[in-house]
Amino acid sequence: MATRKQRDGSTVLEPEKTREKVPPLYRVVLLNDDYTPMDFVVVVLEKFFGMGREQATVVMLQVHRSGKGVCGVYPRDVAATKVEQVSAFAQRHQHPLACVMEGN
């Protein structure tokens with residue numbers, strides 16, 4: 001859209017400055033349990049979050065020591081998809097690994 005402004009006796013159209021609203025972001029978090037093998041958690045982080053082995057190991061240790069670890073921050077629909085993918089993958093492999101999303 002444009003707005004009309006008067007300058008020096010003539011009308012000038014100036015573009016309106018619009019700001020796109022940034023969608024809210026959500027953290028995708030893995031929760032610790034006593035049954036899922038650490039190696040499986042590393043595989044999940046590599047496969048679904050594109051982490052290298054070293055970064056995946058750091059996050060896995062955070063999950064193990066702190067009870068939870070952040071895998072990434074995404075818009076709502078992407079975060080929900082990641083949670084569904086990880087949960088289905090863990091269930092297929094008979095692991096109780098919990099993956100949730102938290103508001104940022």
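Guide: Helices (H or I, at least four residues) and strands (E, at least two) are DSSP runs, numbered from the N terminus. By that assignment, R27 lies in strand β3. This is a predicted model, in which local features need pLDDT of at least 70, side-chain atom pairs count only at pLDDT 80 or more, and totals for chains, interfaces and linings use all residues. Residues are numbered from 1 along each chain as its sequence is written, and side-chain values use heavy atoms, with hydrogens and water left out.

Visitor: What pattern does the chain follow along the sequence?

Guide: The chain contains three helices and five strands, arranged in the order β-β-β-α-α-β-α-β.

Visitor: Why is the chain called more spread out than a compact globule?

Guide: The radius of gyration is taken over C-alpha atoms, and the globule rule is 2.2 Å times the number of residues to the power 0.38. For 104 residues the rule gives 13 Å, whereas the chain has 22 Å, well over that value; therefore the chain is described as more spread out than a compact globule. The C-alpha trace spans about 75 × 25 × 20 Å along its principal axes.

Visitor: Why is V28 called buried?

Guide: Buried means under 20% relative accessible area, exposed over 50%, and partly exposed in between (1.4 Å probe, protein chains only). V28 has a relative accessible area of 0%, so it is buried. V28 belongs to strand β3, residues 25-31. Of the 104 residues in the chain, 29% are buried.

Visitor: What makes R27 and S10 count as partly exposed?

Guide: R27 has 24% relative accessibility, so it counts as partly exposed. S10, placed in strand β2 (residues 10-15), has 37% and therefore counts as partly exposed.

Visitor: Is Q94 buried or exposed?

Guide: Q94 has a relative accessible area of 72%, so it is exposed. Q94 sits in the loop between α3 and β5 (98-103). Its phi is near 60 degrees, a positive value in a residue other than glycine.

Visitor: Which residues does V28 touch, leaving out those up to four places away in sequence?

Guide: Contact means heavy atoms within 4.5 Å. With residues up to four places away in sequence left out, V28 touches F49, G69, V70, C71, G72, Y74, A79, K82, V83, C99, V100 and M101. Under the same exclusion, the contacts of R27 include V70, G72, V100 and M101. R27 and Y74 are 47 residues apart in sequence, yet 6.5 Å apart in space, C-alpha to C-alpha. In the chain, residues 24 or more positions apart account for 64% of the contacts with a separation of 6 or more.

Visitor: Which residues touch the most other members of the largest nonpolar core?

Guide: A nonpolar core is a set of buried Ala, Val, Leu, Ile, Met, Phe, Trp, Tyr and Cys residues joined through side-chain atoms within 4.5 Å. Of the 23 residues in the largest one, V28, L30, V44, L45, F49, V86 and L97 touch the most other members. The elements giving two or more residues to this core are β3, α1 (38-49), α2 (53-66), β4 (68-75) and α3 (76-92). The largest share, seven residues, comes from α1. Apart from neighbours within four places in sequence, V86 is in contact with L30, V44, F48, F49, L97 and C99.
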